[in-house]
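Please walk through this model with me.

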Amino acid sequence: MGQTAPTAFREIAETDFDDMADVLIEMQAHYRARCPTRDSIIDGLKSRPAGSRVLLACENDGIAGFACFSAIYPGPGLTSGFFLKELYVRHDRRRSGLGKRLMAQLAALARHEGHDRIDWTVDADDPGLQEFYEMLGGRALPEKRFFRMAGAKLTELAEK
């Protein structure tokens, strides 16, 4: 990639969708997850739900990483916060401190908007990622469990 320019942090714009599709395709390959077509990815970016936001870290005229998040309410003490759905740093920018800087930008944005916390989930079988978040000051909450309902079960419940 050559010399890295200073990082610019900003929220995604429609002009970023094509580049963001490249990063999302890379992310899906990294996680060995099914990846929709490029057109489907761009359609998803265009039609993402109200309130879902994407913070970009841009370097050398490209996206080096991103954080997807939404505001949530209520939380402890009936305060608001952010839920971080995804944090991803491109392969060639790993171990550069970019993930930490993205999280710091997200924390600053949360505080600026009056939020009291950031919540997120971490794969139980990824100790390196858990260590990363602990290094930032995050802590796992053993009293909480993550649940998901999707597909046929979601449809079944919706029809009750």
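Met-149 counts as partly exposed because its relative accessibility is 42%; buried means under 20% relative accessible area, exposed over 50%, and partly exposed in between, with a 1.4 Å probe and protein chains only. The model is predicted: local features need pLDDT of at least 70, side-chain atom pairs count only at pLDDT 80 or more, and totals for chains, interfaces and linings use all residues. Residues are numbered from 1 along each chain as its sequence is written, and side-chain values use heavy atoms, leaving out hydrogens and water.

Met-149 sits in the loop between helix H4 (127-136) and helix H5 (151-158). Helices (H or I, at least four residues) and strands (E, at least two) are DSSP runs, numbered from the N terminus. With Leu-154 and Leu-157, Met-149 forms a nonpolar surface patch of about 280 Å² accessible area together. Nonpolar side chains (Val, Leu, Ile, Met, Phe, Trp, Tyr) are joined within 5 Å, like charges within 9 Å. Areas come from the Shrake-Rupley method with a 1.4 Å probe; for residues, only the protein chains shown count as cover.

Now turn to strand E4 (residues 81-89). Of its 9 residues, 7 are buried, so E4 is largely enclosed by the rest of the structure. Strand E3 (residues 62-72) pairs with E4 in the antiparallel sense over 8 bridges; pairing requires at least two DSSP bridges between the strands. Strand E5 (residues 118-120) pairs with E4 in the parallel sense over 3 bridges. Phe-83 of E4 is the bridge partner of Ser-70. Phe-83 also stands opposite Asp-119 in E5. From E4 the chain crosses through helix H3 (residues 98-112) to E5, a right-handed β-α-β crossover. Right-handed here means that, with the strands pointing away from the viewer, the path from the first strand over the helix to the second runs clockwise.

What about backbone geometry? Most residues other than glycine have a negative phi, and most peptide bonds are trans. Arg-32 has a positive phi of about 55 degrees. Arg-32 lies in the loop between helix H1 (17-30) and helix H2 (38-46) and is exposed because its relative accessibility is 79%. The bond from Tyr-73 to Pro-74 is cis, with omega near -5 degrees. Pro-74 is in the loop between E3 and E4.

Key:
Patches are made of residues with over 30% relative accessible area and no salt bridge: like charges are joined within 9 Å, nonpolar side chains (Val, Leu, Ile, Met, Phe, Trp, Tyr) within 5 Å. A salt bridge is a side-chain nitrogen of Lys or Arg within 4 Å of a carboxyl oxygen of Asp or Glu.
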